[in-house]
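Me: I am new to this structure and would like to know what stands behind the words used for it. Could you take my questions one at a time?

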Amino acid sequence: MLLGNGSDELIQLLAMALNKPGATLLSVEPSFVMYKMIATFVGMRYASVPLKEDFSLDLPSTLAAIRREQPALVFLAYPNNPTGNLFSAQDVIQIIEASPGLVVVDEAYYAFAGDSFIPRLAHYPNLLVMRTFSKLGMAG
């Protein structure tokens, strides 16, 4: 367990810890803007995969980007921010299994999701789940 001063700090700590020459942070677009901003801030390459028109994951394109980019770090907001949709858990599992680096499932809005990846932590050594107290009225 790692505690931080908000999820932005945890995103930054992970990006700094995994950054090295040529390292890539991958996410989907649109998603939480801080993934791209922090990758840029720490000097990591940023790669994104556009969501489909209905804001669902484009799984074939995402898996192709993972093969091509070999990301050190993948961020998936679950449910997604700002679209509010919950990606298919099976699609997320395929992304976790295909990723050579860490996959962070950002559950900042888990209270509205009805699903969580916390029970799957023991099955995937490259999976991290991130949560925040801010959406529960306990920010600061």
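Me: What makes aspartate 91 a buried residue without a salt bridge?

Reply: Good place to start! In this predicted model, aspartate 91 is buried, and the word buried means under 20% relative accessible area. A salt bridge needs a side-chain nitrogen of Lys or Arg within 4 Å of a carboxyl oxygen of Asp or Glu. The nearest side chain of opposite charge is lysine 52, 6.7 Å away, so with a limit of 4 Å no salt bridge is counted.

Me: Where is aspartate 91, and what does it touch?

Reply: Aspartate 91 sits in helix H4. Setting aside residues up to four places away in sequence, it touches Leu57 and Leu59.

Me: Which residues does leucine 57 contact?

Reply: Beyond its neighbours within four places in sequence, leucine 57 is in contact with Val28, Leu51, Lys52, Leu76, Phe87, Asp91, Val92 and Ile95. Leu57 is also among the residues with the most contacts inside the largest nonpolar core, along with Val92, Ile95 and Phe117. That core has 24 residues. S1, S2, H3, S3, H4 and S4 each supply at least two of its residues, and H4 gives the most, with 5 residues.

Me: Why are the buried residues of H3 said to line one face of the helix?

Reply: The buried residues in helix H3 (residues 59-69) are Leu59, Thr62, Leu63, Ala65, Ile66 and Glu69. Looking down the axis of H3, these residues fall within an arc of 155°, so they line one face. An α-helix has 3.6 residues a turn, so residues three or four places apart point the same way. On the other side of H3, Pro60, Arg67 and Arg68 are exposed. The buried residues of H3 pack against strand S1 (24-29), strand S2 (45-50) and helix H4 (89-98).

Me: Why is glutamine 70 called partly exposed?

Reply: The middle class runs between the 20% and 50% limits. Glutamine 70 has a relative accessible area of 47%, so it is partly exposed. Its place is in the loop between H3 and S3. Glutamine 70 also has a positive phi of about 50° although it is not a glycine.

Me: What makes phi worth a remark at phenylalanine 55?

Reply: Most residues other than glycine have a negative phi. Phenylalanine 55 has a positive value, near 70°. This residue lies in the loop between S2 and H3, and its 38% relative accessibility makes it partly exposed.

Me: How far is alanine 111 from proline 79?

Reply: Their C-alpha atoms are separated by 9.6 Å, and the two residues are 32 residues apart along the chain. Alanine 111 is in the loop between strand S4 (102-106) and strand S5 (127-130). At 47% relative accessibility, alanine 111 counts as partly exposed.

How values were computed
Residues are numbered from 1 along each chain as its sequence is written. This is a predicted model: local features need pLDDT of at least 70, side-chain atom pairs count only at pLDDT 80 or more; totals for chains, interfaces and linings use all residues. Side-chain values use heavy atoms; hydrogens and water are left out. Buried means under 20% relative accessible area, exposed over 50%, partly exposed in between (1.4 Å probe, protein chains only). Helices (H or I, at least four residues) and strands (E, at least two) are DSSP runs, numbered from the N terminus. The arc is that of the directions from the helix axis to the C-beta atoms. Contact means heavy atoms within 4.5 Å. A nonpolar core is a set of buried Ala, Val, Leu, Ile, Met, Phe, Trp, Tyr and Cys residues joined through side-chain atoms within 4.5 Å. Lys and Arg count as positive and Asp and Glu as negative; His and the chain ends are not counted.
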